[in-house]
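Colleague: Let us go through this model together. I will ask, you answer.

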Amino acid sequence: MSSVPVSAYLALALILFCIGLYGALTKKNTVIVLISIELMLNAVNINLVTFSKYGVNPSITGQVFALFSIAVAAAEVAVGLAILISLYRNRRTVNIDEMDQLKN
């Protein structure tokens with residue numbers, strides 16, 4: 001049995017999600033925003049694995065969802081970094097406020 005209580009996992013997930021949310025909403029650097037989104041996804045993964053192991057009906061379903069979430073996050077980062085590199089080559093900035101090229 002694990003000596004770590006469920007509340008510790010949930011507190012860690014809450015802290016990671018709050019840090020990610022703060023970074024995504026306040027930072028202007030696009031790379032930091034992508035990293036913040038990854039933090040929020042990892043917080044969700046911690047919750048999925050915790051509830052799948054310690055939930056009412058322990059099963060592997062939450063872990064499968066976490067694995068799917070990791071795959072989607074990897075694809076999201078690959079596409080996001082490709083778009084960011086392309087924008088950086090054209091605009092010479094990673095500031096999210098100056099990336100309004102798609103508005104017109």
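Colleague: At what angle do helix 1 and helix 2 pack, and how far apart are their axes?

Modeller: This is a predicted model, where local features need pLDDT of at least 70, side-chain atom pairs count only at pLDDT 80 or more, and totals for chains, interfaces and linings use all residues. Residues are numbered from 1 along each chain as its sequence is written, and side-chain values use heavy atoms, with hydrogens and water left out. Helices are DSSP runs (H or I, at least four residues), numbered from the N terminus. Helix 1 and helix 2 pack at about 160°, with axes 7 Å apart.

Colleague: Is helix 1 roughly parallel or roughly antiparallel to helix 2?

Modeller: Axes are lines fitted to C-alpha atoms, for helices over the stretch in contact, and angles run from 0 to 180 degrees between N-to-C directions. Angles under 35 degrees count as roughly parallel, over 145 as roughly antiparallel, 65 to 115 as roughly perpendicular, the rest as oblique. The angle here is about 160°. Therefore helix 1 and helix 2 are roughly antiparallel.

Colleague: Is the crossing of helix 1 and helix 2 left-handed or right-handed?

Modeller: A crossing is left-handed if the near helix is turned anticlockwise from the far one by less than a right angle, and right-handed if clockwise. For helix 1 and helix 2, the crossing is left-handed.

Colleague: Which residues make the nonpolar surface patch?

Modeller: Patch residues have over 30% relative accessible area and no salt bridge; nonpolar side chains (Val, Leu, Ile, Met, Phe, Trp, Tyr) are joined within 5 Å, like charges within 9 Å. Areas come from the Shrake-Rupley method with a 1.4 Å probe. The patch covers about 350 Å², and its residues are Phe17, Leu21, Leu25 and Val44.

Colleague: Which helix gives the most to the nonpolar patch?

Modeller: Val44 sits in helix 2 (residues 30-54). Phe17 is in helix 1. With three residues, the most comes from helix 1 (residues 6-26).

Colleague: Is Val44 exposed or partly exposed?

Modeller: Buried means under 20% relative accessible area, exposed over 50%, partly exposed in between (1.4 Å probe, protein chains only). Phe17, at 34%, is partly exposed. Val44 has 37%, so Val44 is partly exposed.

Colleague: Which side chains meet in a salt bridge?

Modeller: A salt bridge needs a side-chain nitrogen of Lys or Arg within 4 Å of a carboxyl oxygen of Asp or Glu. The structure holds one. At 3.2 Å, N to O, the partners are Lys28 and Asp97.

Colleague: How many residues apart are Lys28 and Asp97?

Modeller: The salt bridge joins the side chains of Lys28 and Asp97. Lys28 is in the loop between helix 1 and helix 2, and Asp97 is in the segment after helix 3 (61-91). Lys28 is partly exposed at 49%, and Asp97 is partly exposed at 47%. The pair links distant parts of the chain, 69 residues apart.

Colleague: What is the phi of Arg92?

Modeller: Most residues other than glycine have a negative phi. Arg92 lies in the segment after helix 3 and is exposed at 61%. Its phi is positive, near 60°.

Colleague: What separates the C-alpha atoms of Ile35 and Gly20?

Modeller: Ile35 is in helix 2 and partly exposed at 46%. Along the chain, Ile35 and Gly20 are 15 residues apart.

Colleague: How far apart in space are Val56 and Leu34?

Modeller: Val56 lies in the loop between helix 2 and helix 3, exposed at 81%. In sequence, Val56 and Leu34 are 22 residues apart. C-alpha to C-alpha, the value is 34 Å.

Methods:
Helices (H or I, at least four residues) and strands (E, at least two) are DSSP runs, numbered from the N terminus.
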